[in-house]
There are 2 protein chains.
Amino acid sequence: MLEHYYAVIMAGGGGTRLWPLSRRARPKQMLRLIDHRSLFQTSVERLNGVFPLERILVVTVKDQALELQEQCPAIPVENFIIEPSPRGTASVVGLAAVALKARDPEAVMAILTSDHFIGNEPGFRDLLKIAHNVAQDNYLVTIGIQPNYPATGYGYIQKGDSLGVYSGIEVGKVLRFKEKPDEAHAREMFSAGDHTWNSGMFFWRVDNIFAEFKRQMPDLANKLEEIAAAWHTKQRIKVIQRIWPTLKQETIDYGVMEGARNVAVIPAAQLQWSDVGTWDSLFDVLPSDDSGNIVMGGRHLAVDTRESLVYVNQEHRLIVTIGVEDLVVVDTGDVLLVCRKDQAQKVRNVVDALKKTDGTTYV
Amino acid sequence: MLEHYYAVIMAGGGGTRLWPLSRRARPKQMLRLIDHRSLFQTSVERLNGVFPLERILVVTVKDQALELQEQCPAIPVENFIIEPSPRGTASVVGLAAVALKARDPEAVMAILTSDHFIGNEPGFRDLLKIAHNVAQDNYLVTIGIQPNYPATGYGYIQKGDSLGVYSGIEVGKVLRFKEKPDEAHAREMFSAGDHTWNSGMFFWRVDNIFAEFKRQMPDLANKLEEIAAAWHTKQRIKVIQRIWPTLKQETIDYGVMEGARNVAVIPAAQLQWSDVGTWDSLFDVLPSDDSGNIVMGGRHLAVDTRESLVYVNQEHRLIVTIGVEDLVVVDTGDVLLVCRKDQAQKVRNVVDALKKTDGTTYV
């Protein structure tokens with residue numbers, strides 16, 4: 001195991017991108033989508049061999065903490081850090097950095113996601129080790145996923161000069177972050193060859209991220225110092241509760257990475273990575289049958305059905321599909337979604353509309 | 001009202017063509033599809049003004065009789081005739097003819113369906129009157145529906161020489177019956193202009209149909225006479241029960257109409273007729289919204305959804321469709337059907353397959 005190396009799993013998201021299966025109270029990371037394990041459990045288990053369990057921190061919200069602890073009881077309970085309310089990933093990273101600095105001033109943090117899929121786990125573990133080495137050289141490190149199509153759903157990272165070869169992989173300086181682009185820009189970046197997808201994973205020494213906070217988000221830096229001062233006291237929770245609502249809502253990408261110096265990107269070619277961000281994306285992640293269909297739950301009788309996904313949460317329900325192609329059918333009992341695969345991203349609009357008309361009933 | 005004129009509604013069918021909504025125990029004629037009334041109730045009510053209720057007979061099977069009586073309590077209970085088991089429409093017509101002859105030897109029978117849709121009810125009543133007049137001229141009378149596309153799902157009737165003009169409509173001699181054709185023949189007959197669809201409705205004097213039975217189905221004729229001899233005795237039911245299983249399984253089309261002399265066809269141009277034989281056909285029958293969608297039951301949230309039908313039997317279920325077109329979604333609780341509109345006829349194959357694998361569970 002690499003010394004001073006800590007994983008921080010961000011698991012507080014309340015996404016509804018796999019709605020109607022994922023809900024506010026049952027976000028994507030808790031779903032047992034891929035196999036009998038949830039995406040959160042998988043995210044923890046694939047760290048095996050790089051991070052001992054006592055060096056895995058989980059940042060989440062109060063409502064989800066208990067369920068996550070039950071899913072991974074081997075992680076020490078004091079490693080679960082509660083963010084009082086969602087204030088963006090900059091605050092999450094800051095809070096985790098305070099916790100780690102209090103524990104180990106030489107800590108190197110790996111900020112990891114809890115709801116992504118990674119098919120090649122040994123390859124991922126190799127990258128984690130490389131990222132540690134690059135972070136020890138005082139870079140803020142990102143992992144860039146090799147794009148296989150001009151996605152508009154991901155942010156992009158443009159790679160500049162080489163920073164050297166680490167364990168056979170050439171690490172580059174980051175020239176530019178580009179948030180989710182429109183189609184024309186996506187095609188441009190895809191064909192340019194020097195752009196990778198932003199995986200949302202970050203690696204750095206705690207002292208380096210504190211320095212960047214101080215430079216770019218001085219208000220956050222000051223407030224984090226206030227929290228740090230109370231960390232080993234009985235006032236810790238009170239201070240967090242008081243300060244948290246005054247923090248600016250900001251992502252780590254906008255707040256720090258875009259303006260940071262010394263940002264490095266490690267290209268990841270063969271991770272089989274997916275953010276499992278839409279129903280559509282499950283086709284990259286789950287095995288399908290000879291007709292390209294994915295069936296989860298229920299009993300499926302397929303007639304001339306191709307490249308379609310059927311999810312049902314009632315084992316005895318019979319689903320018959322006839323003459324359909326590229327369709328997603330998701331039945332959660334209260335809601336039935338029938339969606340063309342290439343329009344799965346519109347689920348988000350439906351959730352937004354339902355929030356307005358029905359409050360929390362269906363979301 | 002026309003004297004000696006009787007309606008015989010065939011209501012014993014156990015079709016599953018609108019499966020999973022229609023089942024063996026809840027066939028199409030019992031479904032309240034079009035409005036709050038079932039197709040059977042509609043079939044009775046549209047006779048109003050032509051047949052008094054006491055001259056409407058209903059032939060059905062034992063399992064369905066009670067439900068049909070409850071749906072139309074104004075029809076005298078003795079007008080419900082039970083066929084002991086399905087033996088084809090020739091036997092049904094024969095049994096009804098026996099019942100009518102015993103009641104009125106001069107009876108003219110109108111054999112009508114119980115599960116079809118007719119939009120133009122006044123036009124239909126006009127046709128019923130014309131059909132009576134043609135039947136009184138000793139023809140076996142059919143109604144031919146003007147085809148509006150080269151259907152392969154209907155039988156065809158080829159019209160020959162004119163038999164005269166009845167109330168402004170030229171009635172033709174029938175040259176030929178052609179059962180459900182393949183696509184090439186359907187196109188041929190459609191463009192020929194002298195073919196109409198066989199509506200499955202027939203009109204004749206009882207003496208004329210008995211004469212045809214005697215000539216073409218002498219075994220049936222003899223057995224019907226045996227039943228007729230027992231009609232006004234206490235033995236009636238016993239005799240029917242004994243004879244019925246010995247009758248040849250035969251349709252009136254094959255058994256009588258194809259070989260009959262003096263068959264007439266009344267062309268019906270504007271009936272807005274549909275046999276409601278597939279989910280697809282509901283688009284000809286039910287009103288749709290601006291996007292061409294039909295929603296029955298449940299709550300439907302449509303995003304980029306066109307020309308689709310959604311049926312749900314749970315009022316509070318939310319159905320979301322995104323980016324779908326020409327799709328049929330039917331949810332009956334135990335079964336969810338998702339079917340491309342133009343493949344709705346394949347529902348039949350699914351039902352056949354399910355019978356083999358699951359017995360009566362889903363059908």
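The model is predicted. In it, 27 residues of chain B are in contact with 27 residues of chain A, and an open sheet of 6 strands takes members from both chains, in the order S13(A)-S15(A)-S17(B)-S16(B)-S14(B)-S12(B).

**Contact between the chains**

- On the side of chain B that touches chain A, the elements giving two or more residues are strands S13 (299-303), S15 (318-322), S16 (327-331) and S17, together with helix H10, of chain B.
- S17(B) provides the largest share of that side of chain B, with 6 residues.
- By residue class, the side of chain B that touches chain A divides into 17 nonpolar, 4 polar and 6 charged residues.

- From one strand to the next, the twist averages 5 degrees.
- S15(A) and S17(B), which belong to different chains, pair in the parallel sense over 5 bridges, and A:Ile322 stands opposite B:Cys339 in S17(B).
- Within chain A, S13(A) and S15(A) run parallel and are joined by 5 bridges, with A:His300 standing opposite A:Ile319 in S15(A).

**Helix H10 of chain B**

- Helix H10 of chain B, residues 347-358, has 12 residues and reaches 16 Å from its first C-alpha to its last, which is close to the 16 Å expected at 1.5 Å a residue.
- In H10(B), the residues B:Val347, B:Val350, B:Val351 and B:Leu354 are buried; they cover an arc of only 100 degrees around the axis, which puts them on the same side of H10(B).
- An α-helix has 3.6 residues a turn, so residues three or four places apart point the same way.
- The exposed residues B:Asn349, B:Asp352 and B:Lys356 are carried by the face of H10(B) that is turned away from its buried side.
- The cover over the buried residues of H10(B) includes strands from both chains, namely S13 (299-303) and S15 (318-322) of chain A together with S17 (335-340) of chain B.
- Just after H10(B), B:Gly359 takes a positive phi of about 60 degrees.

**Cis peptide bonds**

- In chain A, the peptide bond from A:Trp19 to A:Pro20 is cis, with omega near 5 degrees, and A:Pro20 is found in the loop between strand S1 (5-10) and helix H1 (39-45) of chain A.
- In chain B, the peptide bond from B:Trp19 to B:Pro20 is cis, with omega near 5 degrees, and B:Pro20 is found in the loop between strand S1 (5-10) and helix H1 (39-45) of chain B.

- B:Asn138 has a phi near 70 degrees, a positive value in a residue other than glycine, and its place is in the loop between helix H4 (121-136) and strand S6 (140-145) of chain B.
- With 13 other C-beta atoms within 10 Å, B:Asn138 is partly exposed.
- B:Gln272 has a phi near 55 degrees, again a positive value in a residue other than glycine, and its place is in the loop between strand S10 (263-268) and strand S11 (273-274) of chain B.
- B:Gln272 counts as partly exposed, with 15 C-beta neighbours inside 10 Å.

Notes:
Residues are numbered from 1 along each chain as its sequence is written. Chains are lettered from A and ligands numbered from 1 in the order in which they are written. This is a predicted model: local features need pLDDT of at least 70, side-chain atom pairs count only at pLDDT 80 or more; totals for chains, interfaces and linings use all residues. Helices (H or I, at least four residues) and strands (E, at least two) are DSSP runs, numbered from the N terminus. The expected span of a helix is 1.5 Å times one less than its number of residues. A residue is buried if 20 or more other C-beta atoms lie within 10 Å of its own, exposed if 12 or fewer, and partly exposed in between; C-beta atoms are placed from the backbone. The arc is that of the directions from the helix axis to the C-beta atoms. Two residues are in contact if their C-beta atoms, placed from the backbone, lie within 7 Å. Ala, Val, Leu, Ile, Met, Phe, Trp, Tyr, Cys and Pro count as nonpolar, Asp, Glu, Lys and Arg as charged, and the others, Gly among them, as polar. Two strands pair if DSSP finds at least two bridges between them. Axes are lines fitted to C-alpha atoms, for helices over the stretch in contact, and angles run from 0 to 180 degrees between N-to-C directions.
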